[in-house]
Amino acid sequence: EYLGDYAPYKFSRQVYGLLPDAGAAMEALASRFVEGGGTIQRRTALKKVEQGRHGEVSGVLASGPDGSVEIEAKEVVLATGGFQASSELRACHFGRWADRVVVRGSPYCTGDGFEAALEAGAGTAGPFNRFYGHTLPAPPAEMGLHNYATARPLFGEYGVLVNLNGEQFEDEFLGDEICVHTAVEQPEATIFLIYDEAVREKHGTVGPASKTRVNALEEIRNAEGEILEERNLEDLAESMASKWEVRQDRLLVTLADYNAVCESGNSSSLSVPKTGGLELVMTPPFYAASPPDRDDVYIRRCQSQ
């Protein structure tokens, strides 16, 4: 079913849904595969691509419920997804803290096909220090299919992202799917989103596929996400220092500089100039959330190595 183009968005895209659901669609595809003469071996994990004397593919070695399974084949298609569910591979390619990430995608994509291909002599298309991710409320917030579309801080491009040093590090207006790549390089790969009541009222509602509008702040709190709320920026900085060990003095300087830039309309004096979304942080109450970078990754330093 065609669900629409989800406009407005940064680029044109079309979205289709599987009816009645993705599970039913996969069952239908599996049935057609079996009816065509194929065999599906469930609970069977790929271990190795077998090769002949001259390096040609000769089959695969797998591990099933009853032990090792050898399957002869002249051709092997590796369609096993990524490696986001492997803490070891995340740490290897995304950085030292990436083993702690909370995986939003499939928990079964552990990189078996990727590692088997490398062992068989395959190359890669390039480095793997980039990923598709978004900022989400940090644990103990519980995120899933039931609230992912509504509890995301999509208004982050109109707020201020800072690190543990209380400093801005990226152009927030680029969107969180871009900022996450800089976020993972921050100290302890920990970042915080600061915004005020004016931003919450103007941008703090989201509309998922159902087109309903919800209060993102309430949705984050309903998910048990942690949001600090204070009547002035000095108290907010103090709370962030006490609760999250953010450098208080530097944070206040950052916010003062940011507001000055918003009033002037010229962001060139910022350490990272902002290309849009300049909204004064002046209207109480003021809010701060600790959104981890997810792959949605848990923001604990994923600096590329």
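Reply: A contact means heavy atoms within 4.5 Å. In this protein, residues 24 or more positions apart account for 60% of the contacts with a separation of 6 or more. The model is predicted, so that local features need pLDDT of at least 70 and side-chain atom pairs count only at pLDDT 80 or more, while totals for chains, interfaces and linings use all residues. Residues are numbered from 1 along each chain as its sequence is written, and side-chain values use heavy atoms, with hydrogens and water left out.

Me: What share of the 305 residues is buried?

Reply: Buried means under 20% relative accessible area, exposed over 50%, and partly exposed in between (1.4 Å probe, protein chains only). Buried residues make up 42% of the 305 residues here.

Me: Which residues form the nonpolar patch on the surface?

Reply: Patches are made of residues with over 30% relative accessible area and no salt bridge, where nonpolar side chains (Val, Leu, Ile, Met, Phe, Trp, Tyr) are joined within 5 Å and like charges within 9 Å; a salt bridge is a side-chain nitrogen of Lys or Arg within 4 Å of a carboxyl oxygen of Asp or Glu. The nonpolar patch consists of Leu18, Met26 and Leu29. Leu18 counts as partly exposed because its relative accessibility is 48%.

Me: Which residues form the negative surface patch?

Reply: Asp and Glu count as negative, and the place of the charge is taken as CG of Asp or CD of Glu. The patch is formed by Glu88, Asp99, Glu115 and Glu119. Glu115, with 42% relative accessibility, is therefore partly exposed.

Note on methods: Accessible areas come from the Shrake-Rupley method with a 1.4 Å probe; for residues, only the protein chains shown count as cover.
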